Amino acid sequence: MGSTMKFIETRGNDGHHPEHASFSEAILAPIASFGGLYSPESLPRLDEDFFIGHLGSSYKTLARAVLMKFEIDIPAEIIDQALALYDGFDDPSNPVPVVRVYDDLYVSELYHGPTRAFKDMALQPFGIVLSAIAQSRHENYLILAATSGDTGPAALETFKNKANVKVACMYPVGGTSDVQRLQMVTEDAGNLKVIGVNGDFDDTQNALKHLLASDSFKETLHQKDIRVSAANSVNFGRIIFQIIYHLHSYLELVRQQAISMGERVYLDVPSGNFGNALGGYYAMKMGLPVEKILIASNRNNILTQFIRTGIYNLRSVDLIQTTSPAMDILKSSNIERILFDLFGAQRTKALMRQLDAEKCYQLASTELEQIQAIFAADFCQDEKGKAYIKETFERGYLMDPHTATCFEAYRNCREKPLKTIVYSTAEWTKFSPVIANALTGEEDAHDIDALQSIAHSAGISIPPMISALFEKEIAQKTVIDKEAIEDEILAFL
């Protein structure tokens, strides 16, 4: 296999971390010098021959080819084992269907895995890879996850009962849908701990980053012979699997004769922590014919402001709870990898330090031009999102509230009449009260009632893994204030 791909640090090197990390090292210890992240030193190039060569490929074959191009230091049999998990999706021959909604808008459905959200695309294989590396090194890992609703269930699902791995998953109490909460609190495997935190997603993510960077926390774990890693998209082990579905969706449009090979498209991504959009950015840099990446936000529209003005401003901004809760995020981790890729480590470190110290930074006008050459952004109010849900439902397509935010960006951000791929990050079943309200105006329906009424009116069945949640016992009852997170996790270990 020759030399393997190297990863470098977004904020430069502090003399305590190695100058380069392998893929497995970057997965196992995802926080780099100065609290930065790992990014690939260079990206593989995919030429037109690559795309033509994979027109007939299955999702797994394409995924394997991309991972081989990255030259990651993971044995082939582990990669095969990891990718075999896509066989457990609704349709093993096509785990990511791409569905036409309008003549120029196609939805890439990323939610056909066990927890009905796009996080399965990355976390299903990631769990196998990380557990295998841990076992091969005879090391024990604590995986931290902070979730706004989708990462948590997917991480718990992938790591339950896996050897050499324990998971502590934090979620904001009241900040997820009922189904998302039930998916977490009904998990009863002995190696899993679910912690409800009184606060919002940013509180849980800050706690996660603090613990990953905390020497005293690591020292305490070291005494127990445990190392710490993360299942959030700060971990490049997640991002690498998120590049693949952008390539697949494009090839799917070619196969459906919606576009010809080489034709440019818009990628339209509902964005919270920016991992999904970052996967699209890397795919574009590797050679995918993308015109622009459209970033869709909800009323927490920090990203829209950033892409339009170059100002990332968290001053006097409060998180608003919306009907698309997985995007109720103010500090998007993966923006850092974009800054690093465009402007280098020194500038990235300065900007991220400024954000921590002053809660705000501003790009130079030349830097903003570089951002705007790649991204355009808009945000969608809750009521508008519900209107899009109703409108597409009447056309025979049922989507969730996060997907709906993309329709505003599709309406307002395209400068050319090109085909647009919208990424659907969750199945309707995870947010049924919002959808029931959008379709019929009914208020405050419980999830189970809303699920049944939508299933009835749409003539579809509720997936068994969702309906079963309402019968399961609550196994995880911990709810704490954010100050107590560290103690709670140590008590679990």
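## Around Ile-293

In this predicted model, Ile-293 touches quite a list of residues, leaving out those up to four places away in sequence: Leu-267, Val-269, Ala-277, Gly-280, Tyr-281, Met-284, Ile-374, Phe-375 and Ala-376.

## The open sheet

Now for the strands. Five of them form an open sheet with parallel pairing, in the order β8-β5-β6-β7-β15. At the edges sit β8 (227-230) and β15 (479-481), and each of these pairs on one side only. Going from one strand to the next, the twist averages 30 degrees.

Take the pair β5 (residues 141-146) and β6 (residues 165-172): they run in the parallel sense and are joined over 6 bridges.

## Helix α5 and its partners

Helix α5 (residues 119-136) packs on the sheet, where it touches β5, β6 and β8. Its direction makes about 155 degrees with that of β5.

Helix α5 also meets another helix, α4 (residues 76-83). Two packed helices are described by the angle between their axes and the distance between the axes. Here the axes of α4 and α5 come within 8 Å and cross at roughly 145 degrees, and the crossing is right-handed. On the α4 side, the contact is made by Ile-78, Gln-81 and Ala-82; on the α5 side, by Pro-125, Ile-128, Val-129 and Ala-132.

## Asn-437, a buried polar residue

Where does Asn-437 sit? Its place is in helix α18, which spans residues 432-440. Asn-437 counts as buried because its relative accessible area is 14%, and the cut-off for buried is under 20%.

What lies 3.1 Å from a polar atom of the Asn-437 side chain? That is the backbone oxygen of Glu-442. Glu-442 turns up again in the contacts of Asn-437: leaving aside neighbours within four places in sequence, Asn-437 is in contact with Lys-386, Glu-442 and Glu-443.

Conventions
Residues numbered from 1 in each chain as written. Predicted model: local features only at pLDDT ≥ 70, side-chain atom pairs only at ≥ 80, totals over all residues. Heavy atoms only, no water. Helix = DSSP H or I, 4+ residues; strand = E, 2+ residues; numbered from the N terminus. Buried < 20%, exposed > 50% of the residue type's maximum accessible area, 1.4 Å probe, protein only. Polar contact = N/O pair within 3.5 Å; in protein donor to acceptor, adjacent residues only side chain to side chain. Contact = heavy atoms within 4.5 Å. Pairing = 2+ DSSP bridges. Axes fitted to C-alpha atoms, helices over the stretch in contact; angles between N-to-C directions. Left-handed = near helix turned anticlockwise from the far one by under 90°.
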